[in-house]
Amino acid sequence: MSVNSADPANPVDVVLVKGGRTKIRYAAELLSDDGTRIAVRAPWAGDGVRDFGFVRFEPGDVFTEYYWRDRWYSVKEVRDGTGALKGWYCDITRPATRSGAELVVEDLDLDLWRSADGTQVFRLDEDEFADSGLAERDPGAAAAAVSALDTLEALATVAGGLESLLA
């Protein structure tokens with residue numbers, strides 16, 4: 001199914017799977033689906049505040065999330081309740097799948113953060129990725145995940161790099 005414009009009558013549930021289990025499920029507004037890239041918007045779905053030290057996700061934050069059926073990552077533009085850009089949080093995932101009103105994404109532990117001003121770019125959770133055993137279980141997926149993280153880091157370190165994925 002392809003939806004080319006925002007339609008609040010087209011809600012979608014985003015399902016983040018990790019280690020074969022649902023980590024989180026939340027409702028989002030489907031903004032677009034061109035058959036390759038899916039865009040949704042949702043309020044912060046976590047419980048309370050999540051403080052990473054370099055950014056806080058909190059009630060009132062809005063995430064515009066971009067998923068691809070042919071790429072091993074998702075990119076989430078994070079804004080506070082006033083609309084001010086906080087930055088981009090990127091998850092390394094298997095390519096997304098969508099069936100009806102459900103968008104399923106498998107988290108592969110690696111993440112990347114880029115602050116709104118571009119001065120902070122952090123690779124995250126590389127220890128969790130190493131401990132996950134993915135490299136032993138599925139070497140091809142592990143290589144794709146590391147390559148995706150490298151690609152996102154390269155884009156995050158040049159002006160307009162991440163933004164070019166979202167245009």
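I38 touches L30, S32, D33, E65, Y66, Y67, R69, R98 and L103, leaving aside residues up to four places away in sequence; a contact here means heavy atoms within 4.5 Å. I38 sits in strand β3, residues 37-43, where strands are DSSP runs (E, at least two residues) numbered from the N terminus. Because its relative accessibility is 0%, I38 counts as buried, the cut-off for buried being under 20% relative accessible area (1.4 Å probe, protein chains only).

Residues are numbered from 1 along each chain as its sequence is written, and side-chain values use heavy atoms, with hydrogens and water left out.

The predictor's confidence in each residue, pLDDT, runs from 0 to 100. The chain has a mean pLDDT of 93, and 95% of its residues reach 70 or more. Over residues 1-7 pLDDT stays under 50. Where pLDDT is low, the predicted coordinates should not be read in detail.

D33, one of the residues touched by I38, is found in strand β2 and is buried, with a relative accessible area of 0%. D61 lies in the loop between β5 (56-57) and β6 (62-68) and is buried at 2% relative accessibility. Among the residues that D61 touches are W44, R56, D80 and K86. The table gives their polar contacts, that is, pairs of N or O atoms within 3.5 Å; within protein, one must be able to donate a hydrogen and the other to accept it, and residues adjacent in sequence count only if both atoms are side-chain atoms.

| Side chain | Partner | Distance |
|---|---|---|
| D33 | R69 side chain | 2.7 Å |
| D61 | K86 side chain | 2.7 Å |

Key: Predicted model: local features only at pLDDT ≥ 70, side-chain atom pairs only at ≥ 80, totals over all residues. Helix = DSSP H or I, 4+ residues; strand = E, 2+ residues; numbered from the N terminus. Buried < 20%, exposed > 50% of the residue type's maximum accessible area, 1.4 Å probe, protein only.
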